[in-house]
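Welcome! Here is a short tour for anyone opening this model for the first time. Have a look around, then read on.

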Amino acid sequence: MGSQSYVTIMKEWDIVAARQMGRDIAKNLGFGTVDQARITTAISELARNIHLYAGEGKVCFEIVESLEHKGIRVLATDNGPGIRDLSQVMEDGFTTSGGLGAGLPGVKRLMDDFDIESEVGKGTKITTTKWVR
Amino acid sequence: MNRDLRDIAIDNSDRIIQEWSKEINRLKSANYTADISKELFENNNDEFVNVILNSIKGNGSTKIVKDFSDRIIKLGWPLSYIIDGLLVFRKVTTNTILTEIEQADSEYISEVINNVDVWVEPIIRQLVNEYSVSWEHVVSLQRIALQELSAPLIPVMDNITIMPLIGTIDTERAKFIMENLLEGVMQHNAEVVLIDITGVPVVDTMVAHHLFQATEAVRLLGAKCILVGIRPEIAQTIVNLGINFSKLPTKSTLKKGFMLALEITNKSIVEMQDKSQNIDQLLGLDKGSERIHANSDLKTT
């Protein structure tokens with residue numbers, strides 16, 4: 001559904017490319033500045049997770065439309081080590097990299113819908129959507 | 001055999017040039033050089049095709065290719081033009097040689113193709129190399145320019161220093177900020193450092209984390225950090241992310257932060273009363289025409 005575009009995350013600067021693309025799409029969809037900042041930050045977190053833990057992956061953007069509203073769907077996929085305990089990474093303050101541990105739970109709060117699938121040794125797929133209000 | 005093919009190509013160079021120009025002109029309209037004048041394009045084409053032919057004549061001499069590539073890079077011709085030009089040349093030359101010689105069994109054809117490849121390939125390789133070297137050079141220069149901008153530290157008063165941050169913060173830059181901050185605190189004997197993030201587009205957990213580390217390090221040196229320039233949308237995302245900024249004093253604008261810094265360092269700005277003085281005089285220009293009142297002055301209390 002809708003147009004799709006993606007950014008491959010391979011080096012740190014690709015994070016900037018990903019969030020730039022996300023911001024542009026969000027702006028065109030009519031999101032306000034606060035929501036644009038939320039979406040951009042969420043993309044930044046997801047892309048950084050790919051860069052930090054998987055090394056390589058993809059961030060895809062999709063414009064989704066339901067009966068009443070439009071939205072942006074962000075898909076972050078990688079073939080990295082995967083996540084052993086999903087409930088643990090969704091806890092505030094849990095980190096394996098010495099960071100703040102606010103990334104994934106933060107993304108969940110920044111966006112409207114959030115879904116995470118992960119298999120150890122195979123990779124992780126995070127789907128998250130924000131609707132225009 | 002090899003010698004023969006080369007002679008055939010050189011003997012028929014006029015025809016090759018003609019065919020080549022036709023092809024290139026056809027590509028032009030669809031492509032890159034829409035804004036380049038026709039004359040310039042044709043001149044350049046003539047030169048280009050001659051460079052290729054001379055290089056083949058000179059048995060792969062690189063000097064002439066290098067001179068040409070230097071100039072063409074300086075003028076900013078797109079790489080796609082060069083690549084297209086060489087690929088078209090290969091096609092046209094192969095065709096020309098094959099039509100010259102009636103003998104056309106598959107072995108012979110493949111030999112012709114191989115030979116033309118051997119002529120063209122080193123030129124392609126060299127030109128692509130030259131281009132990528134010039135790009136790398138530009139990128140490295142920009143990197144240096146960026147680094148110069150990345151973490152400036154401005155001592156505005158005794159004991160008060162400002163670090164305005166503009167643009168994306170990545171790991172490398174975060175390190176740089178930390179180093180400059182600590183060095184500056186020592187060097188300027190700063191008591192308060194204002195970090196202004198008005199120009200930082202995204203504050204995610206990584207940026208916040210680096211800011212925390214930097215301020216903690218500054219605190220260890222006995223100075224205080226105040227984070228200023230927090231835009232409303234950034235404030236909302238920080239709250240959503242669930243980052244706790246309570247350990248770090250924050251202000252919405254640099255002005256408010258500066259006021260706080262003055263308070264901390266026991267200073268205040270006092271407006272001087274009834275002291276009409278010419279601005280030009282104050283600035284030492286002394287060509288006074290207008291009289292301007294109410295100049296503020298800084299005073300230590």
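Which residues does Ala47(A) touch, not counting residues up to four places away in sequence? Ala47(A) touches Ile9(A), Asp14(A), Ile15(A), Ala18(A), Arg19(A), Val59(A) and Ala76(A), where contact means that the C-beta atoms, placed from the backbone, lie within 7 Å.

## Before we start

This is a predicted model, in which local features need pLDDT of at least 70, side-chain atom pairs count only at pLDDT 80 or more, and totals for chains, interfaces and linings use all residues. Residues are numbered from 1 along each chain as its sequence is written, while chains are lettered from A and ligands numbered from 1 in the order in which they are written.

## Chain A as a whole

Chain A has 4 helices and 5 strands, and along the sequence they run β-α-α-β-β-α-α-β-β. Helices (H or I, at least four residues) and strands (E, at least two) are DSSP runs, numbered from the N terminus. The radius of gyration of chain A is 14 Å, close to the 14 Å that the globule rule gives for 133 residues, so chain A is as compact as a globular protein of that length. That radius is taken over C-alpha atoms, and the rule is 2.2 Å times the number of residues to the power 0.38.

Of the 133 residues in chain A, 37% are buried. A residue counts as buried if 20 or more other C-beta atoms, placed from the backbone, lie within 10 Å of its own.

## Where the chains meet

In chain A, 21 residues are in contact with 17 residues of chain B. Helix H1 (12-29), helix H2 (33-54) and helix H4 (103-110) of chain A each give two or more residues to the side that touches chain B. The largest share, 9 residues, comes from H2(A).

## Nonpolar cores

A nonpolar core is a set of buried Ala, Val, Leu, Ile, Met, Phe, Trp, Tyr and Cys residues joined through C-beta atoms within 7 Å. The largest has 62 residues, and Ala47(A) is among those with the most contacts inside it, as are Leu46(A) and Val193(B). H2(A) gives the most to this core, with 7 residues. Apart from it lies another core of 24 residues, including Trp20(B) and Trp119(B).

## A helix in chain B

Trp119(B) is also one of the buried residues in H6(B), along with Val112(B) and Leu127(B). H6(B) bends by about 30° at Val120(B), and Pro122(B), a proline, follows within four residues. The bend is the angle between axes fitted to the seven residues ending there and the seven starting there.

How values were computed: A residue is buried if 20 or more other C-beta atoms lie within 10 Å of its own, exposed if 12 or fewer, and partly exposed in between; C-beta atoms are placed from the backbone. Two residues are in contact if their C-beta atoms, placed from the backbone, lie within 7 Å.
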